[in-house]
Amino acid sequence: MPLIPTSRALLISLLLHLLLFVCPILAQEEDHDEMGDHEQKGGHDHHNLPAETWISSAVTDDPLDSVMWLHILVQCLAFGILYPFGMVLGLARSRWHVPVQTLATVLLAMGYFLAHAHHGRNFEPHNAHRGFAYVVIWTLAGQIAAGVYLKLHWTHGMHMRIRRVIVAAHGWVGVMVPVLGYTQMVLGVIASVGFCYGEMTGQCLAHFIMGSSFAGYGIIMILMLRVGGPWLRHRGRSQEWYDSWAIMLWGIVNTFTEHRWGTPWNHGDYQHTSLGILWWAGGAVGIWLARNRQRNVIPSLVIMFTGIAMVGHAQHGATSSMSGVIHSYFGYSLGTAAVTRVIEIAFVWKEGVDRINPWQHLPPVMLIMAGFLFMASTEEQLRILVNGDVDITSYANVIVSAAFLVFLYAHVLITLWQTLTGYVDAGAKRMNGFQLLETEDEEEGAEGEMAERAGLMGSVNGNGNGHAGRRSGRKAAGEDYELGKMEGVEDDD
C-alpha cells in the first residue's frame with residue numbers, strides 16, 4: 001500500500017532519527033580504535049592521560065570549557081524538556097509527536113559530538129556516564145527503528161502479530177525514555193565534577209538512588225491524584241496496595257545490601273539496615289490492610305519514621321555540621337509529606353467528591369523536595385559549600401526551588417495530556433478506554449443513573465476526586481486511550 005505524502009515525510013524524518021544515532025555509534029567505535037592506536041604510539045593529552053592521574057580524583061583540575069557547557073545545555077534540553085514532552089504527545093497520539101522527537105534526537109546527536117570535541121577538564125575514561133550512554137543510544141535507536149516499522153503500516157500475515165508486540169514495546173520504552181534521560185543527566189553531573197569516585201561510591205549511590213525514589217514517588221502521586229483513578233478502579237486496588245509492595249521489596253533489598261557482610265558494623269550500617277527492616281515490616285502490614293481496595297496510612301507511617309530517623313542522621317568529618325542541617329531539612333520534609341498524607345487519607349479524602357482539595361498537593365510536593373534534598377546531601381557536595389563559603393540555608397533554598405520546578409513540569413505534562421485526549425469529556429461508563437466499576441455508594445445510585453442518561457461523566461480519580469463534563473456530539477477523544485499504552489504511534493499523523 002503506497003504511503004500518503006504526510007506518512008512519507010514522517011518516514012523520512014524517522015530515518016533521519018536512525019541515521020543520527022548510527023553515526024555516533026560508528027564514530028564512537030572508530031574513536032575507540034583510534035584511542036587504542038594512540039596508546040600504542042604514546043597517546044595524546046586529551047584522551048590518554050597517565051593512569052596515575054585517576055588515583056585520587058576522577059577529573060583533572062582544568063575548568064569546563066565553553067564546548068562542554070554547550071554539551072550540558074543541549075543534553076539537558078533534549079532529555080529534560082523535549083523527550084518528556086514528546087512522550088506525552090505520543091501517548092496522546094498527537095501529530096507533533098514525531099517532529100518533537102526528531103528535534104530532540106538532533107540535539108542529542110549534536111550534544112554527543114560536542115562531548116568528543118571539548119578541551120579543558122578531562123574525565124576518568126571508565127565513568128558511569130560514558131558507559132550508560134551506550135544503553136541510552138541503543139535504546140533510542142531501537143525505539144526509532146520500531147517507529148519506522150510502525151509507520152510502514154505492514155499489517156498482513158505475520159506482520160500483524162509482530163506489530164502488536166512492537167506497539168506494546170514502543171509504548172513502554174517511550175515511557176521509560178524520560179527515566180533513562182534523567183539517569184544520564186544525573187550521571188553527567190556526577191562525572192563533570194568527579195563525585196562518587198573510590199570510597200565515596202557507596203554513599204553516593206545511597207543518596208542518589210533513594211533521593212530519586214522519593215522524588216519519583218511524588219510524581220507518581222501526582223499522576224494518581226490527577227488521572228490515575230480509572231486505572232486503580234479497573235485494577236480493583238487502592239494506591240496503598242501498590243505503595244506497600246514497593247516499600248516492602250525495597251526494604252528487603254536495603255536490609256541485605258547496606259552492610260558489607262564480613263566487615264565490622266558501624267553506626268551508618270545500623271541505621272540503614274534498621275530502616276530496611278522497618279520498610280519490609282511496614283510494607284507487609286500495608287499490603288494486608290490494603291486488601292479489597294481498602295485505604296490505609298501504613299505507607300505514610302513508614303515514611304514518617306524514616307524522616308524522623310534522618311533528622312538525627314549526620315556524616316562525619318569537616319562537613320558534619322552542614323550534614324546534620326541538610327539531613328534535618330530532608331527529614332522534616334519527608335515527615336511533613338507523611339503527616340499530610342495521613343491527614344489527607346483520614347480526613348480530607350472523600351469518595352465521590354468532584355474536586356481536588358488544595359491539601360492534596362502537599363504530600364507529593366513535599367516528597368519531591370525531600371528527594372532533592374537527600375540527593376544534595378553527600379559529603380562531596382557539602383565540602384564544595386564549605387570551600388566556597390556558601391551557607392547551608394541558601395543551598396537548601398536553591399534545591400527546594402528545583403523541586404518546585406519539577407513539581408510544576410509534572411503538572412504541565414499531565415495537563416497537556418488531559419487537554420489533547422479530552423480526558424474530562426469521556427463518557428460516564430468509560431474513561432480513556434477503562435470500563436469503570438460500579439460503586440456501592442448509595443449517594444451515587446440515583447445521580448449515576450441520571451448522569452448516564454444525560455451523557456455526563458462522573459469518574460473518580462486516585463484519591464476519589466471526580467471530574468464532570470458534558471459529552472459532546474462527536475465521539476469523546478479520550479475513549480480510545482489507555483494509560484501506559486502508546487498504540488497511537490501506529491496511526492497516520
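Start by selecting arginine 383 and glutamate 379, whose side chains form a salt bridge with 3.8 Å from N to O. This is a predicted model. Both residues belong to helix α13 (residues 379–388), where they stand four residues apart, about one turn of the helix. Arginine 383 is partly exposed, at 36% relative accessible area, whereas glutamate 379 is buried, at 17%.

Zoom in on glutamate 240 and arginine 295: their side chains meet in a salt bridge of 3.0 Å, N to O. Glutamate 240 is in helix α8 and arginine 295 is in the loop between α9 and α10 (298–311), so this pair ties together parts 55 residues apart in sequence. Glutamate 240 is buried, at 2% relative accessibility, and arginine 295 also counts as buried, at 19%.

Now turn to arginine 341, which forms a salt bridge with glutamate 240, with the closest N and O atoms 3.4 Å apart. Because arginine 341 lies in helix α11 (residues 320–348) and glutamate 240 in helix α8, the pair ties together parts that are 101 residues apart in sequence. Arginine 341 is buried, with a relative accessible area of 4%. The structure's salt bridges come to four.

Stay on helix α8 and select tryptophan 241 and tryptophan 245. The two are four residues apart in this helix, so about one helical turn separates them. The structure holds 10 aromatic pairs. Tryptophan 241 and tryptophan 245 form an edge-to-face pair, 6.0 Å centre to centre with 65 degrees between the planes. Tryptophan 241 is buried, at 17% relative accessible area, while tryptophan 245 is partly exposed, at 33%.

For another arginine over a ring, select arginine 291 and tryptophan 288. The charged end of arginine 291 sits over the ring of tryptophan 288, 3.8 Å from its centre.

Then select Phe214, Trp279, Phe330 and Phe374, which ring pairs link into a cluster.

Select Trp245, Leu249, Ile252, Phe256, Trp261, Trp265, Tyr270, Ile277 and Trp280, which make a nonpolar patch of about 970 Å². Which helices each supply at least two residues of this patch? They are α8 (239–257) and α9 (267–289). The largest share, four residues, comes from α8.

Note on methods
Residues are numbered from 1 along each chain as its sequence is written. This is a predicted model: local features need pLDDT of at least 70, side-chain atom pairs count only at pLDDT 80 or more; totals for chains, interfaces and linings use all residues. Side-chain values use heavy atoms; hydrogens and water are left out. Patches are made of residues with over 30% relative accessible area and no salt bridge: like charges are joined within 9 Å, nonpolar side chains (Val, Leu, Ile, Met, Phe, Trp, Tyr) within 5 Å. Accessible areas come from the Shrake-Rupley method with a 1.4 Å probe; for residues, only the protein chains shown count as cover. Rings of Phe, Tyr and Trp (its six-membered ring) pair if their centres lie within 6.5 Å; planes under 30 degrees apart count as stacked, over 60 as edge-to-face and the rest as tilted. Buried means under 20% relative accessible area, exposed over 50%, partly exposed in between (1.4 Å probe, protein chains only). A charge sits over a ring if NZ of Lys or CZ of Arg is within 6 Å of the ring centre and within 35 degrees of the ring normal.
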